[in-house]
Amino acid sequence: MEPRVVITGMGVVAPNATDLTSFLKAIRNGESGIEFHQNLKDLNFSCCIGGIPDISEEHKRRYFSDLELRGFDSSGILYGVIAGMDAWNDAGLSSANDEVDYDTGMVFGTGTSGVDKFRDAVYKLDEGKVKRLGSTAVIQTMASGVTAYLGGKLGLGNQVTTNSSACTTGTEALLMGFDRIKSGKATRMLVGSCSDHGPYIWGGFDAMRVMTYKHNDSPEAASRPMSETASGFVPGSGAGALVLETLESALNRGATIYAEVLGGNVNSGGQRKGGTMTAPNSEAVQRCISDALKEAGVTPKQIDAINGHLTATTKDPVEIENWTKALQRKGDDFPYINSLKSHVGHCLAAAGSIECVATVLQLKHQFLFPNRNCEDVHPEISKQINPNQIVTESKSLSLSHIAKASFGFGDVNGCIIFKSYNS
Amino acid sequence: MTREELIQSLKKIVEPYVQDQEAFQNLSEETDFINDLKINSANLVDVILDVEDEFDIEIDNDAMEKMLSVKAALDIIESKLSS
(Lines give C-alpha, C1' and ligand atoms only; values in the text may rest on other atoms or scores of the structure.)
Protein backbone atom coordinates (compact mmCIF):
# COMPACT_ATOMS: atom_id res chain seq x y z
CA MET A 1 0.00 0.00 0.00
CA GLU A 2 1.23 3.49 -0.83
CA PRO A 3 2.18 5.53 2.23
CA ARG A 4 0.10 8.49 3.34
CA VAL A 5 2.04 11.75 3.22
CA VAL A 6 1.80 14.45 5.89
CA ILE A 7 3.39 17.82 6.54
CA THR A 8 5.43 17.97 9.74
CA GLY A 9 7.35 21.22 9.46
CA MET A 10 7.18 24.57 7.67
CA GLY A 11 9.30 27.66 7.17
CA VAL A 12 8.57 30.87 5.34
CA VAL A 13 10.28 34.11 4.39
CA ALA A 14 7.71 36.47 2.94
CA PRO A 15 7.41 40.20 2.35
CA ASN A 16 5.03 40.51 5.34
CA ALA A 17 6.81 38.17 7.80
CA THR A 18 10.09 36.29 7.98
CA ASP A 19 9.24 33.39 10.29
CA LEU A 20 6.30 31.01 10.58
CA THR A 21 4.83 32.45 13.79
CA SER A 22 4.81 36.04 12.53
CA PHE A 23 3.54 34.86 9.16
CA LEU A 24 0.52 33.21 10.80
CA LYS A 25 -0.22 36.45 12.62
CA ALA A 26 0.35 38.54 9.48
CA ILE A 27 -1.99 36.55 7.26
CA ARG A 28 -4.69 36.35 9.94
CA ASN A 29 -4.56 40.13 10.20
CA GLY A 30 -4.27 40.68 6.46
CA GLU A 31 -0.97 42.55 6.76
CA SER A 32 0.51 43.84 3.52
CA GLY A 33 4.21 43.46 2.78
CA ILE A 34 4.21 45.78 -0.23
CA GLU A 35 6.32 48.95 -0.16
CA PHE A 36 7.57 51.69 -2.44
CA HIS A 37 11.17 51.18 -3.61
CA GLN A 38 13.11 54.27 -4.67
CA ASN A 39 15.66 52.22 -6.64
CA LEU A 40 12.89 51.05 -8.98
CA LYS A 41 11.83 54.64 -9.55
CA ASP A 42 15.44 55.68 -10.17
CA LEU A 43 15.68 52.97 -12.82
CA ASN A 44 12.55 54.27 -14.59
CA PHE A 45 10.30 51.36 -13.66
CA SER A 46 6.60 51.90 -14.28
CA CYS A 47 5.86 49.80 -11.17
CA CYS A 48 7.96 51.16 -8.31
CA ILE A 49 6.53 48.94 -5.57
CA GLY A 50 7.24 45.40 -4.52
CA GLY A 51 7.46 42.89 -1.70
CA ILE A 52 10.87 42.29 -0.13
CA PRO A 53 11.34 40.27 3.08
CA ASP A 54 13.10 42.22 5.80
CA ILE A 55 16.15 40.15 6.79
CA SER A 56 18.72 41.77 9.11
CA GLU A 57 22.46 40.98 9.13
CA GLU A 58 22.02 39.34 12.53
CA HIS A 59 19.22 37.17 11.12
CA LYS A 60 21.48 36.07 8.24
CA ARG A 61 24.26 35.08 10.61
CA ARG A 62 22.05 32.56 12.35
CA TYR A 63 21.95 30.55 9.10
CA PHE A 64 25.24 31.31 7.32
CA SER A 65 28.87 31.31 8.46
CA ASP A 66 31.02 34.40 8.04
CA LEU A 67 32.87 32.60 5.26
CA GLU A 68 29.61 31.82 3.42
CA LEU A 69 28.62 35.47 3.66
CA ARG A 70 31.86 36.67 2.01
CA GLY A 71 30.83 37.83 -1.46
CA PHE A 72 27.30 36.53 -0.87
CA ASP A 73 24.74 38.27 -3.08
CA SER A 74 21.91 35.89 -3.86
CA SER A 75 18.65 36.91 -2.21
CA GLY A 76 16.80 33.80 -3.40
CA ILE A 77 19.32 31.46 -1.81
CA LEU A 78 19.23 33.58 1.34
CA TYR A 79 15.44 33.26 1.62
CA GLY A 80 15.46 29.59 0.59
CA VAL A 81 18.07 28.56 3.13
CA ILE A 82 16.29 30.39 5.96
CA ALA A 83 12.88 28.94 5.07
CA GLY A 84 14.32 25.44 4.49
CA MET A 85 16.25 25.32 7.75
CA ASP A 86 13.29 26.75 9.66
CA ALA A 87 11.03 24.03 8.22
CA TRP A 88 13.59 21.38 9.16
CA ASN A 89 13.89 22.64 12.73
CA ASP A 90 10.13 23.13 12.98
CA ALA A 91 9.75 19.44 12.11
CA GLY A 92 11.93 18.64 15.11
CA LEU A 93 14.73 17.27 12.93
CA SER A 94 18.38 17.82 13.67
CA SER A 95 21.32 18.45 11.38
CA ALA A 96 24.12 18.70 13.93
CA ASN A 97 25.92 15.48 13.17
CA ASP A 98 28.23 13.95 10.57
CA GLU A 99 25.76 11.35 9.31
CA VAL A 100 24.12 11.41 5.88
CA ASP A 101 20.35 10.94 5.88
CA TYR A 102 19.81 8.70 2.84
CA ASP A 103 16.05 8.50 3.44
CA THR A 104 15.50 12.23 3.11
CA GLY A 105 15.73 14.28 -0.07
CA MET A 106 14.78 17.68 -1.36
CA VAL A 107 13.04 19.36 -4.28
CA PHE A 108 13.53 23.11 -3.96
CA GLY A 109 12.72 25.21 -6.99
CA THR A 110 13.58 28.62 -8.31
CA GLY A 111 13.22 30.71 -11.47
CA THR A 112 16.73 32.08 -11.71
CA SER A 113 19.36 32.14 -9.01
CA GLY A 114 21.55 34.95 -7.73
CA VAL A 115 20.65 37.53 -10.35
CA ASP A 116 22.56 40.28 -8.51
CA LYS A 117 25.61 38.04 -8.23
CA PHE A 118 25.31 37.22 -11.92
CA ARG A 119 25.15 40.92 -12.83
CA ASP A 120 28.32 41.55 -10.86
CA ALA A 121 30.04 38.61 -12.59
CA VAL A 122 29.02 39.84 -16.03
CA TYR A 123 30.53 43.27 -15.38
CA LYS A 124 33.82 41.67 -14.27
CA LEU A 125 33.85 39.32 -17.25
CA ASP A 126 33.28 42.13 -19.72
CA GLU A 127 36.23 43.97 -18.19
CA GLY A 128 38.38 40.91 -18.90
CA LYS A 129 38.65 40.06 -15.22
CA VAL A 130 37.43 36.48 -15.24
CA LYS A 131 39.75 35.48 -12.39
CA ARG A 132 38.08 38.07 -10.13
CA LEU A 133 34.92 35.93 -10.02
CA GLY A 134 36.61 33.81 -7.37
CA SER A 135 34.89 30.68 -6.10
CA THR A 136 31.51 32.20 -5.29
CA ALA A 137 29.95 32.97 -8.69
CA VAL A 138 29.04 29.43 -9.73
CA ILE A 139 27.43 28.22 -6.52
CA GLN A 140 25.28 31.33 -6.20
CA THR A 141 24.15 31.53 -9.82
CA MET A 142 23.55 27.88 -10.66
CA ALA A 143 19.83 27.17 -10.57
CA SER A 144 20.37 24.42 -8.00
CA GLY A 145 22.36 26.76 -5.73
CA VAL A 146 19.61 26.78 -3.11
CA THR A 147 19.46 22.98 -2.88
CA ALA A 148 23.26 22.80 -2.88
CA TYR A 149 23.45 25.09 0.17
CA LEU A 150 20.55 23.44 2.01
CA GLY A 151 21.57 19.87 1.19
CA GLY A 152 24.97 20.45 2.75
CA LYS A 153 23.64 22.17 5.83
CA LEU A 154 21.13 19.38 6.50
CA GLY A 155 23.14 16.36 5.32
CA LEU A 156 20.44 15.05 2.96
CA GLY A 157 21.31 11.88 1.05
CA ASN A 158 18.27 11.10 -1.08
CA GLN A 159 17.47 12.95 -4.32
CA VAL A 160 18.45 16.62 -3.99
CA THR A 161 17.28 18.72 -6.94
CA THR A 162 15.87 22.00 -8.15
CA ASN A 163 12.78 22.27 -10.32
CA SER A 164 11.69 25.25 -12.39
CA SER A 165 8.27 25.89 -13.91
CA ALA A 166 7.79 29.65 -13.61
CA CYS A 167 5.04 30.61 -11.17
CA THR A 168 4.01 26.96 -10.70
CA THR A 169 7.46 26.08 -9.32
CA GLY A 170 6.65 25.85 -5.61
CA THR A 171 3.44 23.89 -6.10
CA GLU A 172 5.21 21.53 -8.48
CA ALA A 173 8.11 21.05 -6.03
CA LEU A 174 5.67 19.89 -3.37
CA LEU A 175 4.05 17.40 -5.73
CA MET A 176 7.44 16.09 -6.90
CA GLY A 177 8.44 15.43 -3.30
CA PHE A 178 5.03 13.89 -2.63
CA ASP A 179 5.46 11.51 -5.60
CA ARG A 180 8.91 10.45 -4.44
CA ILE A 181 7.56 9.49 -1.03
CA LYS A 182 4.49 7.80 -2.53
CA SER A 183 6.69 5.70 -4.80
CA GLY A 184 8.63 4.47 -1.78
CA LYS A 185 11.92 6.07 -2.85
CA ALA A 186 12.15 8.42 0.13
CA THR A 187 10.70 8.63 3.62
CA ARG A 188 10.93 12.37 3.90
CA MET A 189 11.32 15.26 1.44
CA LEU A 190 12.02 18.92 2.09
CA VAL A 191 10.12 20.81 -0.61
CA GLY A 192 9.78 24.47 -1.43
CA SER A 193 10.88 27.27 -3.70
CA CYS A 194 12.48 30.69 -3.62
CA SER A 195 12.77 33.81 -5.71
CA ASP A 196 15.24 36.70 -5.81
CA HIS A 197 14.06 40.27 -5.34
CA GLY A 198 14.88 43.49 -7.11
CA PRO A 199 15.06 45.24 -10.46
CA TYR A 200 17.07 42.59 -12.30
CA ILE A 201 14.46 39.93 -11.67
CA TRP A 202 11.41 42.18 -11.99
CA GLY A 203 12.48 44.33 -14.95
CA GLY A 204 11.29 41.96 -17.66
CA PHE A 205 7.81 41.87 -16.15
CA ASP A 206 7.72 45.67 -15.94
CA ALA A 207 8.63 45.79 -19.63
CA MET A 208 5.76 43.40 -20.41
CA ARG A 209 3.40 45.84 -18.64
CA VAL A 210 1.95 43.06 -16.50
CA MET A 211 2.77 44.81 -13.21
CA THR A 212 0.54 47.59 -11.91
CA TYR A 213 1.81 51.14 -12.35
CA LYS A 214 -1.25 52.75 -10.75
CA HIS A 215 -0.38 52.37 -7.09
CA ASN A 216 3.11 53.77 -6.62
CA ASP A 217 1.66 56.11 -3.99
CA SER A 218 -0.59 53.47 -2.39
CA PRO A 219 1.52 50.27 -2.21
CA GLU A 220 -0.71 48.41 0.25
CA ALA A 221 -3.76 48.85 -1.98
CA ALA A 222 -1.91 47.78 -5.13
CA SER A 223 -2.34 44.00 -5.15
CA ARG A 224 -6.05 43.53 -5.79
CA PRO A 225 -6.92 39.94 -6.71
CA MET A 226 -10.52 39.56 -7.95
CA SER A 227 -11.14 43.31 -7.75
CA GLU A 228 -12.69 45.28 -10.59
CA THR A 229 -9.82 47.74 -10.30
CA ALA A 230 -7.09 45.08 -10.40
CA SER A 231 -4.52 46.54 -12.77
CA GLY A 232 -1.64 44.10 -12.79
CA PHE A 233 0.39 42.13 -10.31
CA VAL A 234 2.79 43.49 -7.71
CA PRO A 235 6.20 41.75 -7.70
CA GLY A 236 7.26 39.93 -4.57
CA SER A 237 10.03 37.61 -3.42
CA GLY A 238 10.90 35.18 -0.64
CA ALA A 239 10.67 31.46 -0.01
CA GLY A 240 8.42 28.81 1.44
CA ALA A 241 9.43 25.36 2.63
CA LEU A 242 7.59 22.29 3.90
CA VAL A 243 8.77 18.97 5.31
CA LEU A 244 6.77 16.09 3.84
CA GLU A 245 7.03 12.60 5.31
CA THR A 246 5.21 9.35 5.53
CA LEU A 247 2.49 9.26 8.16
CA GLU A 248 4.23 6.25 9.66
CA SER A 249 7.51 8.13 10.09
CA ALA A 250 5.73 11.15 11.54
CA LEU A 251 3.82 9.04 14.06
CA ASN A 252 6.90 7.02 15.01
CA ARG A 253 8.80 10.10 15.99
CA GLY A 254 5.82 11.87 17.53
CA ALA A 255 6.05 14.80 15.12
CA THR A 256 3.51 17.60 14.95
CA ILE A 257 1.31 17.03 11.91
CA TYR A 258 0.11 20.19 10.19
CA ALA A 259 -2.01 18.57 7.49
CA GLU A 260 -2.12 15.72 5.02
CA VAL A 261 -1.32 15.95 1.31
CA LEU A 262 -4.00 13.85 -0.38
CA GLY A 263 -2.70 14.30 -3.89
CA GLY A 264 -2.52 16.66 -6.79
CA ASN A 265 -1.69 17.09 -10.41
CA VAL A 266 0.62 19.02 -12.71
CA ASN A 267 -0.01 19.40 -16.42
CA SER A 268 0.48 21.76 -19.33
CA GLY A 269 -1.93 23.32 -21.79
CA GLY A 270 0.56 22.78 -24.59
CA GLN A 271 0.11 26.42 -25.64
CA ARG A 272 -2.89 25.26 -27.68
CA LYS A 273 -6.62 26.02 -27.46
CA GLY A 274 -6.15 29.56 -26.21
CA GLY A 275 -3.04 28.74 -24.25
CA THR A 276 0.09 30.73 -25.10
CA MET A 277 3.51 31.34 -23.61
CA THR A 278 1.88 33.70 -21.11
CA ALA A 279 -1.81 32.74 -20.99
CA PRO A 280 -3.33 29.46 -19.86
CA ASN A 281 -5.33 27.01 -21.93
CA SER A 282 -8.48 26.96 -19.78
CA GLU A 283 -9.30 23.37 -20.74
CA ALA A 284 -5.94 22.26 -19.30
CA VAL A 285 -6.46 24.30 -16.12
CA GLN A 286 -9.84 22.64 -15.54
CA ARG A 287 -8.37 19.25 -16.29
CA CYS A 288 -5.51 19.87 -13.86
CA ILE A 289 -7.98 20.66 -11.06
CA SER A 290 -10.25 17.69 -11.91
CA ASP A 291 -7.32 15.29 -12.06
CA ALA A 292 -5.98 16.61 -8.77
CA LEU A 293 -9.34 15.83 -7.14
CA LYS A 294 -9.34 12.38 -8.72
CA GLU A 295 -5.86 11.59 -7.51
CA ALA A 296 -6.72 12.84 -4.05
CA GLY A 297 -9.89 10.74 -4.03
CA VAL A 298 -12.17 13.61 -3.12
CA THR A 299 -15.29 14.94 -4.78
CA PRO A 300 -15.68 18.61 -5.75
CA LYS A 301 -18.36 18.94 -3.04
CA GLN A 302 -15.75 18.20 -0.37
CA ILE A 303 -13.67 21.27 -1.16
CA ASP A 304 -14.26 23.83 1.59
CA ALA A 305 -11.96 26.51 0.26
CA ILE A 306 -9.70 27.44 -2.61
CA ASN A 307 -6.36 29.18 -2.38
CA GLY A 308 -6.19 30.59 -5.88
CA HIS A 309 -3.36 31.64 -8.13
CA LEU A 310 -5.24 34.95 -8.66
CA THR A 311 -2.49 37.43 -9.47
CA ALA A 312 -4.57 40.62 -9.69
CA THR A 313 -4.44 40.91 -13.46
CA THR A 314 -7.43 41.08 -15.80
CA LYS A 315 -7.27 37.27 -16.03
CA ASP A 316 -8.67 36.65 -12.53
CA PRO A 317 -12.28 36.22 -13.80
CA VAL A 318 -11.04 33.50 -16.19
CA GLU A 319 -9.46 31.63 -13.28
CA ILE A 320 -12.76 31.81 -11.38
CA GLU A 321 -14.58 30.47 -14.43
CA ASN A 322 -12.12 27.57 -14.60
CA TRP A 323 -12.73 26.72 -10.94
CA THR A 324 -16.52 26.84 -11.39
CA LYS A 325 -16.29 24.49 -14.37
CA ALA A 326 -13.77 22.09 -12.86
CA LEU A 327 -15.72 21.83 -9.60
CA GLN A 328 -19.16 22.17 -11.20
CA ARG A 329 -19.96 24.62 -8.42
CA LYS A 330 -21.04 28.24 -8.78
CA GLY A 331 -23.09 30.96 -7.12
CA ASP A 332 -23.76 30.25 -3.43
CA ASP A 333 -22.41 26.74 -3.86
CA PHE A 334 -18.89 27.91 -4.72
CA PRO A 335 -16.24 27.23 -2.03
CA TYR A 336 -14.63 30.07 -0.09
CA ILE A 337 -11.74 31.60 -2.01
CA ASN A 338 -8.79 33.87 -1.23
CA SER A 339 -5.44 34.89 -2.68
CA LEU A 340 -2.31 35.50 -0.62
CA LYS A 341 -1.01 37.74 -3.39
CA SER A 342 -3.20 40.48 -1.90
CA HIS A 343 -0.77 40.47 1.08
CA VAL A 344 2.63 39.76 -0.42
CA GLY A 345 2.28 40.35 -4.15
CA HIS A 346 3.27 37.77 -6.69
CA CYS A 347 6.41 36.09 -5.35
CA LEU A 348 7.00 34.45 -8.78
CA ALA A 349 8.88 31.16 -8.37
CA ALA A 350 8.37 31.40 -4.60
CA ALA A 351 4.63 32.07 -4.88
CA GLY A 352 3.47 28.44 -4.91
CA SER A 353 5.40 27.39 -1.83
CA ILE A 354 4.64 30.50 0.25
CA GLU A 355 0.97 30.09 -0.64
CA CYS A 356 1.07 26.38 0.24
CA VAL A 357 2.44 27.31 3.66
CA ALA A 358 -0.44 29.80 4.09
CA THR A 359 -2.97 27.19 2.96
CA VAL A 360 -1.67 24.59 5.40
CA LEU A 361 -1.71 27.12 8.25
CA GLN A 362 -5.38 27.73 7.48
CA LEU A 363 -6.13 24.03 7.85
CA LYS A 364 -4.02 23.63 10.98
CA HIS A 365 -5.57 26.63 12.72
CA GLN A 366 -9.04 26.34 11.14
CA PHE A 367 -9.38 29.82 9.71
CA LEU A 368 -9.31 31.64 6.39
CA PHE A 369 -7.14 34.71 5.92
CA PRO A 370 -8.71 37.83 4.41
CA ASN A 371 -8.21 38.66 0.75
CA ARG A 372 -7.16 42.33 0.87
CA ASN A 373 -8.27 45.01 -1.55
CA CYS A 374 -11.37 43.32 -2.90
CA GLU A 375 -14.10 45.71 -1.75
CA ASP A 376 -15.05 46.13 -5.42
CA VAL A 377 -15.45 42.57 -6.69
CA HIS A 378 -15.00 42.27 -10.44
CA PRO A 379 -18.48 42.08 -12.05
CA GLU A 380 -17.34 39.20 -14.25
CA ILE A 381 -16.63 37.33 -11.01
CA SER A 382 -19.81 38.25 -9.14
CA LYS A 383 -21.75 36.96 -12.14
CA GLN A 384 -20.28 33.54 -11.54
CA ILE A 385 -20.03 33.21 -7.76
CA ASN A 386 -21.63 34.77 -4.74
CA PRO A 387 -19.17 37.54 -3.76
CA ASN A 388 -19.64 36.50 -0.13
CA GLN A 389 -17.55 33.43 -0.94
CA ILE A 390 -14.55 35.74 -1.34
CA VAL A 391 -13.05 35.95 2.13
CA THR A 392 -12.49 39.62 2.95
CA GLU A 393 -12.27 39.33 6.73
CA SER A 394 -10.41 36.74 8.77
CA LYS A 395 -12.84 33.91 9.39
CA SER A 396 -12.72 31.04 11.91
CA LEU A 397 -14.52 27.94 10.71
CA SER A 398 -14.29 24.20 10.41
CA LEU A 399 -12.19 23.27 7.37
CA SER A 400 -11.47 19.84 6.02
CA HIS A 401 -10.21 20.17 2.43
CA ILE A 402 -8.50 23.07 0.64
CA ALA A 403 -7.47 23.12 -3.01
CA LYS A 404 -4.39 25.15 -3.91
CA ALA A 405 -3.46 25.90 -7.52
CA SER A 406 -0.67 27.71 -9.33
CA PHE A 407 -0.31 28.54 -13.02
CA GLY A 408 2.81 29.66 -14.83
CA PHE A 409 4.34 31.03 -18.02
CA GLY A 410 4.84 28.27 -20.54
CA ASP A 411 1.21 27.26 -19.94
CA VAL A 412 1.98 25.02 -16.96
CA ASN A 413 -0.42 24.21 -14.13
CA GLY A 414 -0.33 22.63 -10.69
CA CYS A 415 -3.05 21.83 -8.15
CA ILE A 416 -2.78 20.22 -4.71
CA ILE A 417 -5.51 18.95 -2.36
CA PHE A 418 -4.65 19.39 1.32
CA LYS A 419 -6.68 17.85 4.13
CA SER A 420 -6.74 18.72 7.82
CA TYR A 421 -5.26 15.97 9.97
CA ASN A 422 -7.05 14.54 12.98
CA SER A 423 -5.32 11.82 14.96
CA MET B 1 58.68 43.82 4.24
CA THR B 2 60.34 41.18 6.45
CA ARG B 3 59.42 37.50 6.24
CA GLU B 4 57.72 37.79 9.65
CA GLU B 5 55.65 40.77 8.53
CA LEU B 6 54.64 38.85 5.43
CA ILE B 7 53.50 35.91 7.55
CA GLN B 8 51.36 38.25 9.67
CA SER B 9 49.73 39.74 6.56
CA LEU B 10 49.13 36.29 5.12
CA LYS B 11 47.61 35.10 8.40
CA LYS B 12 45.08 37.90 8.25
CA ILE B 13 44.21 36.98 4.67
CA VAL B 14 43.66 33.26 5.23
CA GLU B 15 41.88 33.56 8.58
CA PRO B 16 38.30 33.74 7.22
CA TYR B 17 38.80 30.56 5.19
CA VAL B 18 40.41 28.46 7.93
CA GLN B 19 38.40 25.47 9.21
CA ASP B 20 40.98 24.26 11.78
CA GLN B 21 41.58 26.97 14.35
CA GLU B 22 44.19 25.01 16.28
CA ALA B 23 46.38 24.59 13.20
CA PHE B 24 45.86 28.30 12.53
CA GLN B 25 47.11 29.23 16.02
CA ASN B 26 50.26 27.18 15.36
CA LEU B 27 50.76 28.48 11.83
CA SER B 28 54.35 28.29 10.60
CA GLU B 29 56.08 28.30 7.22
CA GLU B 30 55.54 24.55 7.00
CA THR B 31 51.75 24.86 7.37
CA ASP B 32 49.76 23.48 4.41
CA PHE B 33 46.59 25.36 3.45
CA ILE B 34 44.45 22.33 2.69
CA ASN B 35 45.87 19.53 4.84
CA ASP B 36 46.57 21.58 7.97
CA LEU B 37 44.28 24.60 7.89
CA LYS B 38 41.51 22.54 6.20
CA ILE B 39 40.75 25.36 3.79
CA ASN B 40 38.20 24.21 1.23
CA SER B 41 40.13 23.72 -2.01
CA ALA B 42 37.56 25.84 -3.88
CA ASN B 43 38.42 28.75 -1.57
CA LEU B 44 42.11 28.75 -2.59
CA VAL B 45 41.23 30.97 -5.55
CA ASP B 46 39.67 33.45 -3.12
CA VAL B 47 42.79 33.43 -0.94
CA ILE B 48 44.84 34.23 -4.03
CA LEU B 49 42.52 37.08 -5.04
CA ASP B 50 42.89 38.52 -1.54
CA VAL B 51 46.70 38.16 -1.74
CA GLU B 52 46.69 40.00 -5.07
CA ASP B 53 44.65 42.83 -3.56
CA GLU B 54 46.73 43.09 -0.38
CA PHE B 55 50.14 43.20 -2.11
CA ASP B 56 49.04 44.74 -5.40
CA ILE B 57 50.60 41.92 -7.39
CA GLU B 58 49.32 39.52 -10.01
CA ILE B 59 49.64 35.79 -9.49
CA ASP B 60 49.66 33.78 -12.71
CA ASN B 61 48.25 30.27 -13.13
CA ASP B 62 51.62 28.54 -12.73
CA ALA B 63 52.38 30.35 -9.48
CA MET B 64 48.85 29.71 -8.27
CA GLU B 65 49.17 25.96 -8.67
CA LYS B 66 52.20 25.98 -6.38
CA MET B 67 50.64 28.16 -3.70
CA LEU B 68 49.52 25.37 -1.39
CA SER B 69 51.51 26.18 1.74
CA VAL B 70 52.56 29.20 3.75
CA LYS B 71 56.16 28.78 2.57
CA ALA B 72 55.21 28.56 -1.10
CA ALA B 73 52.94 31.57 -0.75
CA LEU B 74 55.64 33.64 0.93
CA ASP B 75 58.20 32.71 -1.74
CA ILE B 76 55.84 33.68 -4.52
CA ILE B 77 54.81 36.95 -2.87
CA GLU B 78 58.47 37.87 -2.23
CA SER B 79 59.51 37.11 -5.78
CA LYS B 80 56.59 39.12 -7.22
CA LEU B 81 57.31 42.06 -4.92
CA SER B 82 60.97 42.14 -5.89
CA SER B 83 60.38 41.84 -9.62
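**Figure 1. Packing of helix 1 and helix 3 in chain B of the predicted model.** Helix 1 (residues 3-14) of chain B and helix 3 (residues 44-55) of chain B pack with their axes 10 Å apart and at an angle of about 135°. Helix 1 of chain B and helix 3 of chain B are therefore oblique to each other, since the oblique class ends only where angles over 145 degrees count as roughly antiparallel. The crossing of helix 1 of chain B past helix 3 of chain B is right-handed. Helix 1 of chain B contributes B:S9, B:I13 and B:V14 to the contact, and helix 3 of chain B contributes B:V47, B:D50, B:V51 and B:E54. By class, this contact of helix 1 with helix 3 of chain B comprises 4 nonpolar, 1 polar and 2 charged residues.

**Figure 2. Confidence along chain B.** Chain B has a mean pLDDT of 95, and 100% of its residues reach 70 or more. Within chain B, the lowest confidence falls in helix 4 (residues 61-66) of chain B, with a mean of 93. The highest is found in helix 2 (residues 21-25) of chain B, at 96. For the model, the scores are ipTM 0.87 and pTM 0.96.

**Figure 3. Contact of chain A with chain B.** Chain A supplies 6 residues to this contact and chain B supplies 7 residues. On the side of chain A that touches chain B, the residues divide into 1 nonpolar, 2 polar and 3 charged.

**Figure 4. Domain 1 and domain 2 of chain A.** The domain assignment of chain A gives domain 1 as 5-259 and domain 2 as 264-419. Taken over C-alpha atoms, the centres of domain 1 and domain 2 of chain A are separated by 21 Å. Their contact draws 59 residues from domain 1 of chain A and 58 residues from domain 2 of chain A. On the side of domain 1 that touches domain 2, the elements of chain A giving two or more residues include strand 1 (5-13), helix 1 (20-29), strand 4 (104-110), helix 9 (169-182) and strand 7 (238-246). Helix 9 of chain A provides the largest share of that side, 8 residues. The residues on this side of domain 1 of chain A divide into 29 nonpolar, 25 polar and 5 charged.

**Figure 5. Packing of helix 12 and helix 13 in chain A.** The axes of helix 12 (residues 282-296) of chain A and helix 13 (residues 316-327) of chain A lie 9 Å apart, and the two helices pack at an angle of about 50°. That angle makes helix 12 of chain A oblique to helix 13 of chain A. Their crossing is right-handed. From helix 12 of chain A, the contact is made by A:S282, A:V285, A:Q286, A:I289 and A:S290; from helix 13 of chain A, by A:V318, A:N322, A:W323, A:K325 and A:A326. By class, the contact of helix 12 with helix 13 of chain A has 5 nonpolar, 4 polar and 1 charged residues.

**Figure 6. Packing of helix 5 and helix 8 in chain A.** Helix 5 (residues 75-90) of chain A and helix 8 (residues 145-154) of chain A cross at roughly 35°, and their axes come within 9 Å. This crossing is right-handed. In helix 5 of chain A, A:G76, A:I77, A:G80, A:V81, A:G84, A:M85 and A:W88 meet A:G145, A:V146, A:Y149, A:L150, A:K153 and A:L154 in helix 8 of chain A. The residues of the contact of helix 5 with helix 8 of chain A divide into 8 nonpolar, 4 polar and 1 charged.

Technical notes:
Residues numbered from 1 in each chain as written. Chains lettered and ligands numbered in written order. Predicted model: local features only at pLDDT ≥ 70, side-chain atom pairs only at ≥ 80, totals over all residues. Domains from an automatic or database assignment. Contact = placed C-beta atoms within 7 Å. Helix = DSSP H or I, 4+ residues; strand = E, 2+ residues; numbered from the N terminus. Nonpolar A, V, L, I, M, F, W, Y, C, P; charged D, E, K, R; others polar. pLDDT = per-residue confidence, 0-100. Axes fitted to C-alpha atoms, helices over the stretch in contact; angles between N-to-C directions. Parallel < 35°, antiparallel > 145°, perpendicular 65-115°, else oblique. Left-handed = near helix turned anticlockwise from the far one by under 90°.
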